[in-house]
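Subject: Structure handover

Hello,

Here is the structure I said I would pass on.

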Amino acid sequence: MADAYVAIEGDRVIEARARAPGTARGELVFTTAYTGYEESLTDPSYEEQVLTFSYPLIGNYGVREERFESDRVHPRAAVAREMTDDVAEWLESEGIPAVDHLDTRDIVTEIRDEGAMKCGIAAGPDVTEQDALDALHECKHMSDHTDIGAQVSVDDVEVHNEGGDGATVALVDCGAKGSIAESLVERDAEVHVFPYDASEDDVAAVAPDLLFISNGPGDPENFEQAGELVETYVGDVPLAGICLGQQVVANALGGETEKMEFGHRGVNQPVRDLRSNQVVMTTQNHGYTVADPGDKLDVTQVNVNDDTPEGLENDDLNIITRQYHPEANPGPHDSLGFFDDVLGMAGE
Ligand SMILES: NC(=O)CC[C@H](N)C(=O)O
């Protein structure tokens with residue numbers, strides 16, 4: 001008999017095996033990444049989501065803290081065809097329900113046909129189908145998590161590489177992956193990590209050479225204060241953004257974002273640079289996209305599969321943003337040059 005259940009929209013219940021007990025609800029999404037499960041599971045952008053791995057075996061090279069992107073697991077639950085004990089034990093120790101021994105191809109097909117959807121999960125010896133359905137019925141739409149930034153951001157300013165020789169960067173932490181600050185520090189920047197709701201005065205106090213809006217979970221329209229910083233500083237200080245950062249910058253400068261059907265999550269998303277015509281492979285995790293960049297930003301890079309904007313720029317105003325993850329954890333490393341380019345705008 002099954003000891004875990006996944007309930008999806010339409011009240012369909014899928015039986016599974018419990019690997020870490022508990023009940024959870026969240027937006028059901030899938031990643032096609034075949035490596036990088038530690039990075040994905042600690043990526044704050046997965047907050048309030050349930051992550052399904054389409055690759056059938058998760059955990060085959062263990063669990064190492066050096067690869068974590070933050071100090072905790074962010075998806076509300078994890079779903080895999082087969083999960084190793086290492087991963088299951090790690091998730092259990094974090095209180096995150098996990099299930100395997102179910103047909104993840106079926107789940108991925110369902111999401112591709114119907115779009116990312118709400119789900120409820122119940123795992124453990126005493127759970128019932130109804131527990132999973134109850135969790136499903138309590139699940140909110142992603143955009144209704146209006147204060148999601150508070151769940152993932154630093155509470156107080158943190159400074160990395162104080163006294164560094166390079167640029168002073170104000171990194172607005174909307175749920176930043178650790179490797180963004182690391183990538184900047186590796187290039188000698190002094191990085192001030194600000195809470196997602198930092199004020200103009202907070203940021204002004206460090207006189208930044210670059211304002212950088214991080215990745216983060218949920219709907220970019222719920223990050224109004226980060227948008228206000230962009231409006232305040234545009235033209236005076238160079239601007240950079242990654243993923244949610246690109247979306248926030250676009251919204252703040254007259255553009256528009258929209259929810260995608262099921263998003264891009266994986267490590268081999270092809271992106272074409274419209275200026276050089278070169279294609280790079282990228283790591284991605286997003287469910288919203290820039291539908292209209294507005295009249296201040298040019299689309300300079302597009303996704304080869306669906307033509308959605310992957311890079312926005314304005315050379316006169318010194319703005320460069322990317323929808324994918326140039327910090328490249330878990331890789332590929334094709335687009336690390338982004339960090340040199342944005343620090344170049346900051347005079348480095
Ligand atoms: N990785 C991210 O920053 C994700 C951005 C946003 N939450 C989205 O899903 O589109």
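The notes below go from the whole chain to the annotated residues.

This is a predicted model, in which local features need pLDDT of at least 70 and side-chain atom pairs count only at pLDDT 80 or more, while totals for chains, interfaces and linings use all residues. Residues are numbered from 1 along each chain as its sequence is written.

Overall fold. The chain has ten helices and 19 strands (DSSP runs numbered from the N terminus, helices being H or I with at least four residues and strands E with at least two). Its C-alpha trace spans about 65 × 40 × 35 Å along the principal axes. Of the 348 residues, 54% are buried, that is, with 20 or more other C-beta atoms within 10 Å of their own, the C-beta atoms being placed from the backbone.

Domains. The assignment, which is automatic or from a database, gives domain 1 (4-140) and domain 2 (148-345). Their centres, taken over C-alpha atoms, are separated by 27 Å. Domain 1 puts 20 residues into the contact and domain 2 puts in 23; two residues are in contact if their C-beta atoms, placed from the backbone, lie within 7 Å. On the domain 1 side, β3 (22-31) and α3 (104-114) are the elements that give two or more residues, and β3 gives the most, with three.

Ligand. The residues around the ligand include Ser-45, Asn-215, Cys-243, His-286 and Tyr-288, where near means a C-beta atom, placed from the backbone, within 6 Å. Strand β16 (residues 279-292) supplies the largest share of this shell, four residues.

Cys-243 is in the loop between β14 (239-242) and α9 (244-252). It is buried, with 29 other C-beta atoms within 10 Å. Leaving aside residues up to four places away in sequence, Cys-243 touches Ser-45, Asn-215, His-286, Gln-323 and His-325.

Glu-327 is in the loop between β19 (319-322) and α10 (337-345). Glu-327 is also buried, with 26 other C-beta atoms within 10 Å.

Regards

Note on methods: A residue is buried if 20 or more other C-beta atoms lie within 10 Å of its own, exposed if 12 or fewer, and partly exposed in between; C-beta atoms are placed from the backbone.
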